[in-house]
Amino acid sequence: MITPRTKPSSFFPEEAADDLFVVQQRKAKLEGYVQTLAAMDELIDFAAMASAVDKACPRADRSKGGRPPYPTEALVRMVFLQGLYNLSDEQCEHQVLDRLSFQRFCRLDGALNIPDARTLWNFRQRLAEGGLGGRAIFEALSQQLQRHGFIPRGGQIVDASIVQAPITQANAREREALNKGEAPEGWSKKRLAHTDRDARWTQKHGKAYYGYKLHGNVDARYKLIRQMKITAANADDGQQLPDVLQVANTRKRLLADRGYDSAANRQTLQQHGLADGIARRAKPGQTAKVRLKQRNKTINRTRARVEHVFAALSQQGGKCVRAMTLARNALAITLQCAAYNARRLVWLVKSAGASAQPA
């Protein structure tokens, strides 16, 4: 005879529920999340973001009627949460239904209907078309960062980071065909449909990666992302430098690693009046490298700050993507970067307030 399982009285053991230290610790952690969202809500004008989105990606014509659409601001806030917590469309719908803090943040507390996963998918598709929607959100936030007083300072740091996509199992010949944008021989339509044809294979430190690459420009003072470009993973870092430059920085200096060391890039810096802070490669046959190593070491002391940004994006889940096209994955990465800047803004404002208080 099988003894039926008894239904537990709670999700947690009774002793844990009665432990005041455990309850207080969980409450403090939850309040930390809520305070971050509340601070973002106070500091960031999401209505301005929604206005920029509607201007860049106008709504479809609804003159023939139909159910009134959800406000753009509510949808912008939801995709912002997706970038902040690395949520899929289904997960975001569930979290907004389940968490009061998310409902308040999205201005949906007390609402009869909440946007479902399909509505979010359609909105993200609208943002991804032409790459305009994600860029509108990022640029609207960038303007607000400057209005809060966090203008680009200390020079600019340029670097790139690989963002992995779902791995496609392929041999060397098939990888070569995919990197050329061709269909590997013998692959069925179903297999091709489940393969990201825009992602590419690349190698770094002897290890193969499949996906995309985020080329970012970070200011050295505040570690905020100021410019970005998303490409396939096999794109050469050095060739993307002109596309991520930002001349408006209080210090006319650019720092980058040895991957950007080329005559063309040095000429680009000279044309924009920027001091050359690109680390140098050793020349073929060069034996005396003391000055070279010292120069690169001096540059890397400050240049390493960009790695902190990529590490923070990784903690947000921004070093991997789920979609199957460059446009949709570029949108996801852009939203991750905007969410990082928003989180960083909260920290900078809080730090500035703490330092202003008398001891």
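The domain assignment divides the protein into domain 1, made up of residues 23-58, 69-148 and 332-354, and domain 2, covering residues 152-321. The model is predicted.

**Domain interface**

- Between the C-alpha centres of domain 1 and domain 2 the distance is 27 Å.
- On the side of domain 1, 18 residues are in contact with domain 2, which contributes 18 residues of its own.
- The two domains bury about 1600 Å² between them, and 62% of this area is on carbon and sulfur atoms.
- Zero salt bridges are counted between domain 1 and domain 2.

**Packing of helices α3 and α8**

- Helix α3 (residues 46-56) packs with helix α8 (residues 132-147) at an angle of about 145 degrees, and the axes are 9 Å apart.
- The crossing of these two helices, α3 and α8, is right-handed.
- Helix α3 makes the contact through A48, M49, A52, V53 and A56, while α8 supplies L132, G133, A136, I137, A140, L141 and Q144.
- By residue class, the contact of α3 with α8 comprises 10 nonpolar residues, two polar residues and no charged ones.

**Salt bridges**

- Across the whole structure, 13 salt bridges are found.

Conventions: Residues numbered from 1 in each chain as written. Predicted model: local features only at pLDDT ≥ 70, side-chain atom pairs only at ≥ 80, totals over all residues. Heavy atoms only, no water. Axes fitted to C-alpha atoms, helices over the stretch in contact; angles between N-to-C directions. Helix = DSSP H or I, 4+ residues; strand = E, 2+ residues; numbered from the N terminus. Left-handed = near helix turned anticlockwise from the far one by under 90°. Contact = heavy atoms within 4.5 Å. Nonpolar A, V, L, I, M, F, W, Y, C, P; charged D, E, K, R; others polar. Domains from an automatic or database assignment. Buried area = accessible area lost by both parts, 1.4 Å probe. Salt bridge = Lys/Arg side-chain N within 4 Å of Asp/Glu carboxyl O.
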